Amino acid sequence: MSCKHYKNSPQKYYKIISFATFVGLLYACSTTKKVPDGEYLLTRNSFEFEDKKEFFDEELKDYVQQKPNKKQLLFMPLTLAFYNMANSKYDTILNEYMTYPREMRNQNLRDSLFIKYNMQSSVGKSLFFDRVLHNWGTPPVILDQTRSEKSTESIKKRLIYRGFWDADVKFKQNLDSASKKAAVNYFIKHNDPTYIKDYYYNIPDQGIKSIYSHLKEKTLIRSGQILDQTVLEKEVTRITDLMKDFGYYKFNSSNDEVYFIADSIKSKKQVPLTLEIHKDSLDRPYKVATFGNIDIAIVDEPSDFPKNTVKDSLRRVRFHKMNDKYKTSSLWRAVIVDSKQVYDQKKLDVTKRNFMAMNNFSIVKARDSLRRGGITSPNDSIVDVLYVLKPLPKYDLKVGTDVNYSQLLNLGISPSIDLTTRNVFRGAENISTSISGTFGSIRSTQDIDKRSTAYEISAQASLNFPRLLLPFNYYKFIPKRYTPTSSILLGASIQNNIGLGRLNFNTGLNYQANVNDQIYHKLTLFNTQISLTKNKDAYYSYFVNDERVKDDIFDSYFAYRPKIGTDYENNKLSIDDVSKLLLQDQEYRDNLDQKGTDLLTAFRGTLVNKDRQTQDVLISSMIYNFVYSEIGKKDYPNAFYFNGKVELAGNILSLFNKKDNDGGVVTSPQKTIFGIPYAQFIKFDIDARKYFKFNGNQTLVLRQFIGVGVPYGNSQDMPIIKSYFNGGSNDIRAWVAFGGLGPADSQVDERVRTYMTNNVKLTTNIEYRIPFNSMYEGALFTDIGNTWSLRDHNDGYNDEFKLNKFLGQVGIGSGFGLRINIAYITARIDLAYKIYDPNKAEGDRWRIKNIQPFKPTLNIAFGYPF
């Protein structure tokens, strides 16, 4: 930014400069405010490696016992600033105050502490502001030389653990008396590591030895490797899991049966390593365990088993029931374990998961144990299994009201009534019914500065089966361990969101299967949606911007063709009649100047919007959905998530008798079923996310969404309810939903582009999440993306996707946000700014110079965006 530019418009920047100056002063002056004289604020730990760096060196900082205050805003410790802003004379009181349970923290407690510390003049003060700052803040970390010495010892121990037995670690404290700040430098020299010279194993048990030898190529340990204890730990875990998979019940349960011995007598650089596996000091043999009795009890109370139950059995599983409310066959489907099979812990876990997935029972007891007298043979290798289940209530009624906010709906209220009826046909089938409504207001299409009433009322019913609804035995190719389920869905809704309103009906048959905790499959057959538009003739009454464009082009056309204008005024021609004549009049189009051509292009856009917004459509499709998710799994700290979906619509309907309708103004006639045009398309959606954890609980999230819809056959374009748009709290947050971004870098009048959708979408999101404490979390983000068309319709939109152009056609928005975690709900506020707007004129697309810090795009939502 040049000085000249600043002089011409200083009002745009003084607030930014003032804020930056305030933050700078806050950082420079307040960090040592509460550091006692003669003490030093620890500001930095640094590491200097005197020889080569190793791949694990980044973890050494975790072994430093004293760390500086965390920097929440990348460059400054915000929580330390909060702590220092609190009145220092209350620090002692507030420190003690926060040690009490939350329910005891009240004015009486504060007053008692005021009296205790001889501060009677403060009795009655709430200290609200100081308590907030104290609670959000963290006290300064004061340098402790003893802890620096212990950190050196801890780092050296870790290096030895990693195989560098001769490592050398020193430290030096750099003290600045004037600023009362200090930094600690750690000097690390790895020296030569210790290697595994030869690798042996001593396994007296022949069964264990045979398994290990047969799968030895999968071992994590090789001769010539560095003797790294972390690798040895992973190998112990691998062996333990391996032996359990082969039926060795409770193998290494005390964690002392598998260990390594390193012989360092002759050399500390080349060390022979031996794997030892022993059941006990007597080297008694291990036994492969098998499942014995499999007992499933259905009781009203735990004490009812076994005295009040009647025993039944099916395929080696024993059932104990008090009545016949549940069919034995439906309960058997959930049981993965089988008598006389080799023990497998995974089968126990899946059986438990299957019972929970039924949503019919609470598990009172889940027990697996050696048969009574398990110390002696043969009971020392027979595992009996017992599940005690308590049925959930027959009916579960929930009444709730949600308050929500979005750029489209503004502040809305969503009451709902949900009723679950369990075990409808005695096979653990559930019917879930719900009636819900959403009421609020949206931006008026007649006046964008005003809002009009909007609502949606819907009713849904779902019949859920804990099995696949197939006319044959499917267990050979979809085993019970996949927890297969089915559901039949039927629903209807009526909505009035943009004035015209819609009636929607939907139904479908869904099949689901969980391969494991990460992989999920869903196949939907006969997914049928009918969408009918109300008040079609009132389109221009609600979309006033489109009406203005229509009036402008009609005035131009009537001036050129006065007779058509007269017929229109005398109601001899309708709006659609005139629109068709205008588009077909090549002589008129050739007569237009550039301004008239732009107006014609905008008008054609309004006609596309009109045909699509007032479209009745029947969609019958098949959908396959694949999900792989590591989110929330402890073994995947840097989780990956993938959701892929394919939808194929219209092929079955094309087989039936049908006839053409009249089409729209700019759309060709279509084949119909029961007078409703049916859609034909194939659609692909890919949503991939990667989460990186570092610096404690800070998270970097990368997300890529790719969506492509290809209409064919009976469809020229994707149905509007299956198309893509930009903007909103979970998308490109610098634009509101239907806020004028896209398609591509089209220069069509923004009034027309507002409700344009398209059939290609690319969105990249980058978000850096910074926790302040357990309740509050900040975020910095950048969103990039847009929508395009797959092909050029020669309509002047210039929205076709091209590999050599699309990077210059994406919108870019950045901003920051706050997340508030209350119980199980995360409230989110995001403030976003447009950085690059491809729909502006060339030379004016970079919007950084136009940013108004106090006028961001506001997004309020619940839950993380991704």
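Reader: How many bridges pair β8 and strand β9, and in which sense?
Author: Strand β8 and strand β9 (residues 317-321) are joined by 5 bridges in the antiparallel sense. Strands here are DSSP runs (E, at least two residues), numbered from the N terminus, and two strands pair if DSSP finds at least two bridges between them. This is a predicted model, in which local features need pLDDT of at least 70, side-chain atom pairs count only at pLDDT 80 or more, and totals for chains, interfaces and linings use all residues. Residues are numbered from 1 along each chain as its sequence is written, and side-chain values use heavy atoms, with hydrogens and water left out.

Reader: Which residue is the bridge partner of Val-310?
Author: Val-310 has Lys-321 in β9 as its bridge partner. The hairpin of β8 and β9 has 2 residues between the strands, and Arg-315 there takes a positive phi near 50°.

Reader: Why does β8 lie largely in the open?
Author: Of the 5 residues of β8, the number buried is 0, so β8 lies largely in the open. Buried means under 20% relative accessible area, exposed means over 50%, and partly exposed is in between (1.4 Å probe, protein chains only).

Reader: What is the order of the strands in the open sheet?
Author: The open sheet has 5 strands in the order β8-β9-β7-β11-β10, and the pairing is mixed. Its edge strands, each pairing on one side only, are β8 (310-314) and β10 (361-370).

Reader: How many bridges join β7 to β11?
Author: Strands β7 (residues 290-298) and β11 (residues 382-391) run parallel and are joined by 7 bridges. Thr-290 stands opposite Ile-382 in β11.

Reader: Now a change of topic: is Asp-687 buried or exposed?
Author: Asp-687 counts as buried, because its relative accessibility is 9%. This residue lies in strand β24 (residues 681-694).

Reader: Which side chain does the side chain of Asp-687 join in a polar contact?
Author: The side chain of Asp-687 is joined to that of Arg-703 by a polar contact of 3.3 Å. A polar contact is a pair of N or O atoms within 3.5 Å; within protein, one must be able to donate a hydrogen and the other to accept it, and residues adjacent in sequence count only if both atoms are side-chain atoms.

Reader: Thank you, that covers my questions.

Definitions and conventions
Helices (H or I, at least four residues) and strands (E, at least two) are DSSP runs, numbered from the N terminus.
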